[in-house]
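Hi,

Here's the structure I promised to pass on.

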Amino acid sequence: MGYLSEDRLDEIADAVRILPISSDEISDIKQYDLDCGEASEYEMFLKEKAMEFDKLCVSKTFLMIHRETQELIGYFSLATDTIKLTTEEKDDADIEYNEETPEFYLKNGFVYNLSKKRRPSDRTISMRKDIFID
C-alpha cells in the first residue's frame with residue numbers, strides 16, 4: 001500500500017471542498033452523479049440512506065466536491081459506533097501499520113483520546129474529531 005506525500009495531500013486539499021451532506025449548499029444529493037462500478041451499494045447508501053442516518057446521528061457523511069467543476073468526486077461517512085474486525089478480516093484487508101498516519105489526522109483536527117492508555121507495543125491509536133461542531 002502506498003502513501004501520499006504531504007505535498008500531494010496539500011494539492012488534493014486545495015482542489016476539493018469537503019462539505020457535510022446536511023450543508024445548505026447541498027440541496028439534493030440525487031443531483032450528483034456517482035459511479036461506484038460494481039459496488040452499487042455505495043451509491044445507494046449515499047442517495048437513499050446517508051441523509052437519514054445523519055439526522056438520526058447514526059453516521060455523518062461528508063462530500064468531496066471538486067472546487068472548479070463542482071463535481072462530486074467522493075464521499076466518506078463516519079459511523080458513531082465501532083466496527084470490530086476479526087483476525088481473518090484484518091488479514092484479508094491487508095491493512096498495513098504506518099506510524100505517519102496519526103500525523104495526517106492531527107493536521108485535520110483529530111485529537112488523541114487521552115483516556116485510553118497505550119502500551120509502547122500497541123499498534124492501535126485511539127483518536128477522535130468532534131464532527132457535530134464547526
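This is a predicted model: local features need pLDDT of at least 70, side-chain atom pairs count only at pLDDT 80 or more; totals for chains, interfaces and linings use all residues.

Residues are numbered from 1 along each chain as its sequence is written, and side-chain values use heavy atoms, leaving out hydrogens and water.

Start with helix α2, residues 40-55 (helices are DSSP runs of H or I, at least four residues, numbered from the N terminus). It bends by about 55 degrees at K49 (the angle between axes fitted to the seven residues ending there and the seven starting there). F45, L46, K47, A50 and D54 of α2 are buried, meaning under 20% relative accessible area, with exposed over 50% and partly exposed in between (1.4 Å probe, protein chains only).

Now the salt bridges (a side-chain nitrogen of Lys or Arg within 4 Å of a carboxyl oxygen of Asp or Glu). The count is five. Among them, K47 pairs with E43, with the closest N and O atoms 3.6 Å apart. K47 and E43 sit four residues apart in α2, so about one helical turn separates them. E43 is partly exposed, at 26% relative accessibility.

D54 also forms one, with K60 (3.4 Å, N to O). Are these two buried or exposed? D54 is buried at 6%, and K60 is buried at 12%.

Over in helix α1 (residues 6-15), R8 and E11 lie three residues apart, and their side chains meet in a salt bridge of 2.7 Å, N to O.

Cheers

Conventions. Helices (H or I, at least four residues) and strands (E, at least two) are DSSP runs, numbered from the N terminus. The expected span of a helix is 1.5 Å times one less than its number of residues.
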